[in-house]
Amino acid sequence: MKSYEVNFDGLVGPTHNYGGLSYGNVASQSNSQQSSNPKEAALQGLAKMKALMEMGFQQGVLAPQERPDVAALRRLGFSGSDAQVIERAAKDAMPLLVASCSASSMWVANAATVSPSADTADGRVHFTAANLNCKYHRSIEHPTTSRVLGAMFADQKHFAHHAALPAVAQFGDEGAANHTRFCRDYGQAGVEFFVFGRSAFDTRYPAPQKYPARQTLEASQAVARLHGLSDDGVVYAQQNPSVIDQGVFHNDVIAVGNGEVLFYHEDAFLETDKMLAELQAKLGKRGGNFQSICVPRSQVTVEDAVRSYLFNSQLLSRADGSMLLIVPEECRGNERVWQYLQGLTSSGGLIREVKVFDLKQSMQNGGGPACLRLRVALNQTELAAVNPGVIMTAPLYGTLTQWVDKHYRDRLSENDLADPQLLLECRTALDELTQILKLGAVYPFQIN
Ligand code: SUG
């Protein structure tokens, strides 16, 4: 049976703004307080989805969240009408209002970890929503994420959903941003590669000194257990703590993999040789021929990687077996990175083409092409069981761009977040969106 990697991209929500909320994420910190353009952000994301669909890739869309999250503000003690809750938060605790307005759910690589049916003990596709508990503004995403994923992948015969792990730092889980799957074919058993930043319980693993390591070994192990993965099909590796301290807050900022290929920076991991040997051996047992492409620090520094987001790219398999890399415009803007990419594609290796996308609105908060997508490998039967409302088509693209044009502002700054009208605009937009995507009631304002 034919199998596919389907990319579900996060649709940017109407409150996209630069809140400076992510300590350790260089772009988020350096663009704090700039005014944003939510309309442009959403249209940039939709343009990428459309382009991939037109290139023949399977493409889906994942809905944004209700923001401001009034219910979250109520849990923090703000009361009264919805407008009063927002007004009081703006007056007494602006950082909390900003956090409750973040459109960070657009970076759906952090929504969940997904294991395809060929890897799991019960032969279903497994999803574990990420608790994202390193940052408050992201820790409030998972309940709605679970409802949205449940509405997209509803058929229990094919899809199994797990609640987020316990919301404590020891189980810090950032979803697929630290998870890669290698396989010969999407429908065959593969090797799931979990990269962690620190261990919560085992002091032998070094931790970064400056910035937080968001993903723990214990969280990754729990996800592998929940999904029923076998030891033969799992490899764990530690991220180099010194690159976390240079702004590599997720592994997908320094490495990307697909099929049998890992594309990574020389400084990305600890014990790289051991890790590569284990990947090769385990994928070999599953009929695959593991290959790695190491980008040397002499050609591209870690700082270049963090600024250009070279590795936050989408590595896609084409029908002829070659690969295509989807990179953000910032890669073209970095001379060393661009030169490296020219050399890579002309060397006769596996990666033959680079396509560049303007995703500046998201990039300024630290979200590149790979952050914006959640990969779900599905066979034909499973794909047919996905809610068809979320699969990208030319008419859906048209409807969604019109929807964005109608509901989104083209400028948002911190003061605007206190405007109770923004809440009404968002709810009106999202209510319409759930009808467009046929999701049913998934948002707190629709349920309570
Ligand atoms: O979690 N930025 C996100 C970016 C996530 C990128 N995802 C991956 N690498 N997979 C984060 O740090 C910034 C929000 C703000 O500052 O307004 C933010 O949440």
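Where is P68 found in the protein chain? In this predicted model, P68 is found in the loop between strand β2 (58-62) and helix α3 (70-75). The peptide bond that joins R67 and P68 is cis, and its omega angle is about -5 degrees. Although Q33 is not a glycine, its phi angle is positive, at about 75 degrees.

The extent of the C-alpha trace along its principal axes is about 60 × 45 × 45 Å.

The surroundings of the ligand were examined next. The ligand sits in the second largest cavity, and 22 residues surround it. The closest of these residues are L21, S22, H137, D252 and C371. When the shell around the ligand is divided by class, 12 residues are polar, 7 are nonpolar and 3 are charged.

For H137, one of the closest residues, a polar side-chain atom lies 2.7 Å from an oxygen atom of the ligand. A polar side-chain atom of N25 likewise lies 3.0 Å from a ligand oxygen atom. In the case of N17, the atom concerned is a backbone N or O atom, and the distance to an oxygen atom of the ligand is 3.4 Å. Taken alone, the ligand exposes 490 Å², and the protein buries 100% of that area.

In summary, the ligand is placed in the second largest cavity, with 100% of the area that it exposes when taken alone buried by the protein. Two local backbone features accompany this description: the cis peptide bond between R67 and P68, and the positive phi of Q33.

Notes
Residues are numbered from 1 along each chain as its sequence is written. This is a predicted model: local features need pLDDT of at least 70, side-chain atom pairs count only at pLDDT 80 or more; totals for chains, interfaces and linings use all residues. Side-chain values use heavy atoms; hydrogens and water are left out. A residue is near a molecule or strand if one of its heavy atoms lies within 4 Å of it. A polar contact is a pair of N or O atoms within 3.5 Å; within protein, one must be able to donate a hydrogen and the other to accept it, and residues adjacent in sequence count only if both atoms are side-chain atoms. Accessible areas come from the Shrake-Rupley method with a 1.4 Å probe; for residues, only the protein chains shown count as cover. On a 1 Å grid over the protein atoms alone, a cavity is a set of points where a 1.4 Å probe fits but cannot get out, and a pocket is an open set with protein on both sides within 12 Å along at least five of seven lines; lining residues have an atom within 4 Å of a point. A molecule sits in a cavity or pocket if more than half of its atoms lie within 2 Å of its grid points. Ala, Val, Leu, Ile, Met, Phe, Trp, Tyr, Cys and Pro count as nonpolar, Asp, Glu, Lys and Arg as charged, and the others, Gly among them, as polar. Helices (H or I, at least four residues) and strands (E, at least two) are DSSP runs, numbered from the N terminus.
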